[in-house]
Amino acid sequence: MRTDALPIHSGLLPRPRGPLSDAVVGALRTGVLAPVDVTDVAGADPFGADLAVALHTCYELHYQGFRDVDPDWEWAPDLLALRRDLERVFERALRAEVAGGADVPAVLDELLVEPIPGTGVSHFLRDDGEWWHLREHVVHRSIYHHKEADPHAWVIPRLRGQAKAALVAVEFDEFGGGHGDRAHAQLYADLMAASGLDTGYLSYFDDVPPQIVAIVNMMSLFGLHRRLRGALVGHFAAAEITTAPSARRIAQAIERLGGGPRTTHFFTEHIEADAVHEQVLRHDVVGDLLDREPELASDVVFGVRATELLEARFGAHVLSAWRAGRSSLLTPLPDHPGPA
Ligand SMILES: [Fe+2]
Ligand SMILES: [Fe+2]
């Protein structure tokens with residue numbers, strides 16, 4: 001099967017949301033990085049829109065890049081130096097906000113314990129979600145799912161033995177098991193098409209709040225730094241453990257709203273796949289990594305906790321908007337009749 005529906009890279013630079021992102025986007029647009037005062041960076045809101053967009057733009061040079069932007073910016077020393085300063089602010093804030101510890105099994109087990117009744121975004125969607133809520137959810141998550149599993153691929157050369165073999169096996173599934181039309185990024189594009197949304201790569205980036213951008217930035221931060229390989233693996237395990245139950249709830253929401261397999265497929269695929277991935281991550285990847293490098297346990301815990309923190313911040317933003325009857329996006333979507 002051909003993959004004509006693969007997301008086309010829109011390639012557009014994002015809209016700056018403050019002085020830091022203005023400096024980064026301006027550099028890529030004009031070819032000159034204007035000097036940025038380090039105190040501006042240090043004083044920036046570590047979870048705010050400006051830093052999130054600045055960092056995301058730096059990272060995107062390592063993924064698909066931007067149309068009409070010199071690819072050599074990926075390794076431009078002055079931009080890398082600015083990225084390092086932004087990362088320090090972001091990572092320091094993450095570490096300050098999460099509890100430490102090194103008991104990896106206990107921290108992973110905690111993820112399986114859900115409050116009753118559930119309070120997350122997927123619970124809202126299952127119980128009360130309307131079609132516009134679901135479409136907003138799909139738009140938010142597109143910022144990651146257009147590059148699903150790409151940030152995790154950076155860690156492959158940093159692992160050895162069973163941990164590497166098992167992580168690659170999970171990545172093989174995420175990338176479609178040899179079939180481009182089954183890559184999860186493609187399944188997500190299919191979901192967007194079935195939902196009447198633009199399937200272009202990052203085409204909604206300017207419409208999403210910083211809470212979702214921060215989650216993708218965390219993955220890129222953990223993936224691109226070898227010293228954070230434990231955190232990347234912890235993040236990956238946390239994501240796989242929590243995805244299957246939330247995917248089930250979202251599939252139920254779509255079915256309740258009258259959607260068929262074209263709209264539910266991405267989620268039903270993850271109910272089954274991530275139940276397996278969870279076990280592989282816990283035992284073969286995390287387990288083997290810590291057998292080899294037990295000193296990484298606190299980093300694995302950091303990766304799990306940072307994921308929980310940023311997911312909680314994102315969920316709080318979305319639910320507070322929805323409960324007030326407002327859009328959770330910066331620009332509300334046009335009306336759409338219903339799921340396919
Ligand atoms: Fe996936
Ligand atoms: Fe998965």
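**Exercise 1. Which residue bridges the iron ion (ligand 2) and the iron ion (ligand 1), and how far apart do the two ions lie?**

Solution. Glu174 is the bridging residue, and the two iron ions lie 3.9 Å apart. The model is a predicted one, in which local features need pLDDT of at least 70 and side-chain atom pairs count only at pLDDT 80 or more, while totals for chains, interfaces and linings use all residues. Residues are numbered from 1 along each chain as its sequence is written, chains are lettered from A and ligands numbered from 1 in the order in which they are written, and side-chain values use heavy atoms, with hydrogens and water left out.

**Exercise 2. List the protein donors of the iron ion (ligand 1) and describe the site.**

Solution. Begin with the criterion: donors are N, O and S atoms within 2.8 Å of the metal (3.2 Å for Na, K and Ca), and water is not among the atoms, so sites may look incomplete.

**Exercise 3. Work out the donors of the iron ion (ligand 2) and relate Asp274 to His277.**

Solution. The iron ion (ligand 2) is coordinated by Glu174 (OE), Glu240 (OE), Glu240 (OE), Asp274 (OD) and His277 (ND1), at 2.1 to 2.5 Å. The donor residues follow the spacing E-x65-E-x33-D-x2-H. Because Asp274 and His277 are three residues apart in helix H13, about one helical turn separates them, and both residues are buried.

**Exercise 4. State how confident the predictor is, and where caution is needed.**

Solution. On pLDDT, the predictor's confidence in each residue from 0 to 100, the protein has a mean of 94, and 97% of its residues reach 70 or more. Over residues 1-8, however, pLDDT stays under 50. Where pLDDT is low, the predicted coordinates should not be read in detail.

Key:
Tetrahedral: all angles 85-135°; square planar, octahedral: opposite > 155°, others 65-115°. Contact = heavy atoms within 4.5 Å. Helix = DSSP H or I, 4+ residues; strand = E, 2+ residues; numbered from the N terminus. Buried < 20%, exposed > 50% of the residue type's maximum accessible area, 1.4 Å probe, protein only.
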